[in-house]
Amino acid sequence: MSDAPEANVDWRFIATFCEVKNRATPMNENLSYLEVAGKSSCLLYAQDGCHAAPAIHILGSSIYLTIFYCSGSLSTCGFDIHDCLEQFLRILVGLSYERPSDPHYPSSLGVDTTLHWCRLQKGDGKHWVKQLDITLHNGTSGQASKRTIHLIKIIFISDRLLGQGTMVWEAEMFDGYQSVFMVLKDLWINLLQKYTEGMILHLLNEKGIQGVPSLVYEGQVRTPLVAGREILANTYFIRSLLLRNPTSLPCDYHLHVLYRLITRPIGILITEFHSLRELLVAFLDYIVAHKDAREMDAREIARILHRDISLVNLLLAWRMKGRSCHKTWMTNLSLDQRNLLKERINELQWCGVLADWGYVVLLPATADEVGPDMPLTSVLSQNASSENQVLVTNRESAGAVPVPTPISQLTWEDEIVVLSAKEWDKDKCNTIDLNPLHRTGIWSWMSAKLVMAGPKQPIVHNSLHDLESFFYILVGLCVLFEQPGKVKSDEALAKCFDRLFNTFEPSVLKTIMIQSNLTWHPSVLNHISPYFHPIIPLLEDLQREIVVPMHMDVEGRFRHEGTFNHATLIQCIIMTLCNLPSDTWVPYELGKDSQTNQAKQCQLEVGVDTKINDSNQVKSPPDGELSNDEAHPEEMPAVHRFWFSERPGYRYDPAA
């Protein structure tokens with residue numbers, strides 16, 4: 001077991017495990033590997049800050065050591081316990097005394113030692129949380145200052161053994177004036193992914209694009225090695241320590257570096273919407289942000305296409321400063337309609353934030369869409385290749401300038417460097433961006449054309465595919481819920497939502513069912529609960545504009561004859577908001593109390609300020625420092641938290 005600050009022991013505190021079988025046969029060897037892989041997946045999912053999982057499998061008198069990490073796995077050859085007693089004891093003793101909290105132990109290779117436990121005073125008691133120290137640079141003066149960040153709770157951990165190993169936390173930082181609440185994300189990024197998410201957010205923030213996260217901090221993660229030395233965590237270094245000559249083996253692993261991103265504000269999933277108007281205005285925020293990023297007006301800066309529109313990337317943020325009411329899209333409305341709609345949008349406490357910009361494509365500033373030289377699928381491999389170069393510095397030479405180095409010439413002394421957000425246009429290696437070479441998104445919400453794309457069938461991912469995903473998500477929410485905060489019964493979900501959207505493999509069933517008039521009404525619209533009936537005309541308009549024009553020609557090529565675009569979708573939502581009944585503008589929680597509901601409606605009609613008054617004023621931070629635009633979590637209204645069950649996390653109660 002690993003060191004832990006809590007008495008209860010579960011998967012969070014297991015350091016390693018052993019799988020035993022009575023005989024060493026090829027079948028048992030494969031079966032044992034699959035079993036330890038499954039348990040390693042559970043271990044990595046349950047332990048935030050853990051990036052590698054060692055495991056032992058004993059087959060008869062033979063023993064194997066396997067280490068799973070985001071780039072793949074490494075296994076020793078089987079050796080007999082009786083013939084190699086010293087090696088067996090070394091493995092057994094090393095794993096038995098494994099202490100991930102101690103950076104001087106080899107096991108720290110798999111544990112992020114920049115995160116450490118501390119006891120935080122909150123309310124009447126102390127609570128165990130994890131914390132880390134970072135260095136922030138003032139936006140105006142460039143002066144560096146150290147900050148301590150407390151990780152309040154886990155938001156997400158990837159359960160995939162191979163990939164980016166994404167971990168996301170809700171974090172709190174006190175900047176000397178007030179507490180600032182942020183989202184911290186750690187992930188292993190592919191060095192052949194030309195633009196990091198930090199670079200993209202830097203560009204979006206620099207151009208003032210609303211409805212996207214604000215970049216607070218980005219950089220590589222350093223982890224202690226031995227005797228006070230630190231390294232920039234990367235998968236090549238892990239392999240170079242475990243293998244005597246890693247470059248002599250086939251390059252069939254992913255060359256990743258550990259990357260940290262901190263953004264604001266903290267959001268909740270769109271599934272926690274409180275009213276129909278809040279849902280539609282949030283979608284308006286998402287689509288306008290997507291359009292603005294796609295059509296950034298700048299000569300020297302390329303435009304940005306998101307390419308990963310899915311339910312988990314649509315967030316609601318609480319009381320964001322300076323939110324847009326989208327008045328520029330209301331020119332077709334009468335003056336009274338325009339003023340009333342702006343007033344009601346401005347009164348909303350939650351607004352939409354389009355998150356996860358890690359799979360974007362930068363479009364040429366003069367092109368309408370991605371060029372023909374940037375196919376979606378390709379026969380090229382994303383594995384590390386000797387033809388590719390990365391930026392490296394020598395670990396022994398402080399302050400050395402990074403130089404492009406072929407992957408085949410890497411040594412364990414090399415520090416692999418990722419360009420910072422402000423250096424997005426200074427790629428010295430002329431890296432081929434991997435993002436356009438792959439489909440991105442979640443099968444449930446992916447456009448029909450992308451789902452049907454097979455191997456060696458290049459398809460250009462364009463903005464229409466993202467808009468189609470927005471439509472599927474809106475339909476999915478309408479057949480998922482009875483009302484805000486209440487998911488339909490399992491029996492009701494099996495009739496529509498599960499068939500169309502609850503899928504983990506490529507499927508165009510949702511498109512077929514929505515497109516055909518034979519199935520659109522009986523199989524989809526009839527399963528929408530009465531609460532969502534006011535927006536059925538919107539869904540029908542979008543169905544006619546987006547899905548109906550799709551067809552296959554005689555040569556089997558996908559066609560879309562419509563002229564649908566961002567403006568069409570935005571205008572459809574604007575008109576729907578104007579025609580919504582008054583009661584749909586009221587948060588559903590208040591609808592249970594008729595007197596409260598009427599009072600709220602009166603406030604909406606006369607434009608009374610319903611914001612929460614904060615009697616505890618704090619000092620304003622100086623220019624260039626972080627400010628907390630959103631409210632303290634204690635001021636936020638209760639949210640449903642039904643979509644994801646609470647993971648075992650930290651013993652931290654904000655209300656304590």
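Predicted model: local features only at pLDDT ≥ 70, side-chain atom pairs only at ≥ 80, totals over all residues.
What is the volume of the second largest cavity? I started my notebook with that one, and the answer is about 140 Å³.

**Entry 1**

I looked up the cavities and found that the structure holds seven of 30 Å³ or more. For the second largest cavity I went on to check the lining, which is made up of 16 residues. Closest to its centre are L44, C50, C70, R160 and G165. A reminder to myself on how this kind of search works: rolling a probe the size of a water molecule over the atoms shows where empty space is left.

Next I went to K21, which sits in strand β1, residues 17–21. Is K21 buried or exposed? I noted a relative accessibility of 16%, and because the cut-off for buried is under 20%, K21 counts as buried.

Then I looked at what K21 touches. Leaving aside its neighbours within four places in sequence, K21 is in contact with N28, L31, S32, E35, I58, L59 and G60. One of these, L59, is also the bridge partner of K21 in strand β2.

I followed the side chains along β1 and saw them alternate. F17, E19 and K21 point to one face and are buried.

How many bridges join β1 to β2? I wrote down five, and the two strands run parallel, with β2 covering residues 52–59. To get from β1 to β2, the chain goes through helix α1, residues 26–46, and this β-α-β crossover is right-handed. A background note: strands of a sheet pair through backbone hydrogen bonds, either parallel or antiparallel.

**Entry 1: M167**

I moved on to M167, found in strand β9, which spans residues 167–174. M167 has a relative accessibility of 4%, so it counts as buried.

Which residues does M167 touch, if I don't count those up to four places away in sequence? My list reads Q47, D48, G49, C50, H51, F156, I157, L184, K185 and D186.

**Entry 2: a three-stranded sheet**

Now for an open sheet of three strands, in the order β15-β17-β18, with antiparallel pairing. Which strands are at the edges? They are β15 (267–269) and β18 (350–354), each pairing on one side only. From one strand to the next, I found a twist that averages 40°.

I zoomed in on β17, residues 314–318, and β18: five bridges join them, and they run antiparallel. In this pair, L314 stands opposite L354, and L316 has G352 as its bridge partner.

Helix α5, residues 276–294, packs on the sheet and touches β17 and β18. The direction of α5 makes about 35° with that of β18.

How covered is β18? Mostly: five of its five residues are buried. Both faces are covered, with W350, G352 and L354 on one side and C351 and V353 on the other.

Where did I find a cis peptide bond? One joins R264 and P265, with omega about 0°. P265 is in the loop between β14 (256–264) and β15.

I then looked up H326, whose phi is near 60°, a positive value in a residue other than glycine. H326 lies in the loop between β17 and α6 (335–347). At 6% relative accessibility, H326 counts as buried.

D356 turned up with a positive phi too, near 60°, and is a residue other than glycine. I located D356 in the loop between β18 and β19 (361–363). Why do I call D356 buried? Because its relative accessible area is 19%, and buried means under 20%.

Notes
Residues numbered from 1 in each chain as written. Heavy atoms only, no water. Helix = DSSP H or I, 4+ residues; strand = E, 2+ residues; numbered from the N terminus. Buried < 20%, exposed > 50% of the residue type's maximum accessible area, 1.4 Å probe, protein only. Contact = heavy atoms within 4.5 Å. Pairing = 2+ DSSP bridges. Right-handed = clockwise from strand over helix to strand, strands pointing away. Axes fitted to C-alpha atoms, helices over the stretch in contact; angles between N-to-C directions. 1 Å grid on protein atoms, 1.4 Å probe; cavity = no way out; pocket = protein on both sides within 12 Å on 5 of 7 lines; lining within 4 Å. Points joined across faces, edges and corners; volume = space filled by probe spheres on them.
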